[in-house]
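Have a look at the model below.

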Amino acid sequence: MCLLYGFLANLPTAVGIECYACADYPNSPTPCGDNATVLTCPSYYDSCATMVMGFDYSGFNFTTISKNCSMVDYGACNESYICSLVNSSVAPDGILTECSVSCCQDDLCNGPGIYSGGWGRVERV
């Protein structure tokens, strides 16, 4: 019994990938850039995602960015799938003007400085 306990005690624990987590949008309490949080993802996540979305609502244009843990196998990194879901959620009141989704599979690979500065702004057209 002691041998089994000693073996199990030395097994590595399942630790997830580390990703930056933030959401940049007008008046965001958790902006990206240097304020992004480092998050240790649950072990079932295998990647870090960065999503950039541009919208037009009645002449107001704004761009959002979000970063978080993701899973490659469940469509969360499939740009066309994610962008079509977002596009259907903004219609008919708004227009999706920009959409990109990127995933990577190394610790902190969705770095805090990517797309930092100028994102999450609102402009009147």
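This is a predicted model: local features need pLDDT of at least 70, side-chain atom pairs count only at pLDDT 80 or more; totals for chains, interfaces and linings use all residues.

Tyr 44 is exposed, with a relative accessible area of 54%.

Residues are numbered from 1 along each chain as its sequence is written, and side-chain values use heavy atoms, with hydrogens and water left out.

## Ring pairs

Searching the whole structure turns up 4 aromatic pairs. One of them joins Tyr 44 and Tyr 45, and it is tilted, at 4.9 Å centre to centre with 35° between the planes. The rule here is that rings of Phe, Tyr and Trp (its six-membered ring) pair if their centres lie within 6.5 Å; planes under 30 degrees apart count as stacked, over 60 as edge-to-face, and the rest as tilted.

Phe 55 and Phe 62 have ring centres 5.4 Å apart and planes at 35°, so that pair is tilted too. Both of these Phe residues are buried. Ring pairs also bring in Tyr 57, linking Phe 55, Tyr 57 and Phe 62 into a cluster.

## Strands around β4

Strand β3 (residues 47-57) runs antiparallel to β4, and the two pair over 11 bridges. Within that pairing, Gly 54 has Thr 63 in β4 as its bridge partner. Strand β1 (residues 18-24) also pairs with β4 (residues 60-70) in the antiparallel sense, over 3 bridges, and there Ala 23 stands opposite Ser 66.

Strands are DSSP runs of E, at least two residues long, numbered from the N terminus. Two of them pair if DSSP finds at least two bridges between them.

## Two positive phi angles

β3 and β4 form a hairpin with 2 residues between them. Ser 58 sits in that loop, and its phi is near 50°, a positive value in a residue other than glycine. At 63% relative accessibility, Ser 58 counts as exposed.

Leu 108 has a positive phi as well, near 60°. You'll find Leu 108 in the loop between β5 (94-104) and β6 (122-124), where it is partly exposed, with a relative accessible area of 28%. Why point these out? Because most residues other than glycine have a negative phi.

Methods. Helices (H or I, at least four residues) and strands (E, at least two) are DSSP runs, numbered from the N terminus. Buried means under 20% relative accessible area, exposed over 50%, partly exposed in between (1.4 Å probe, protein chains only).
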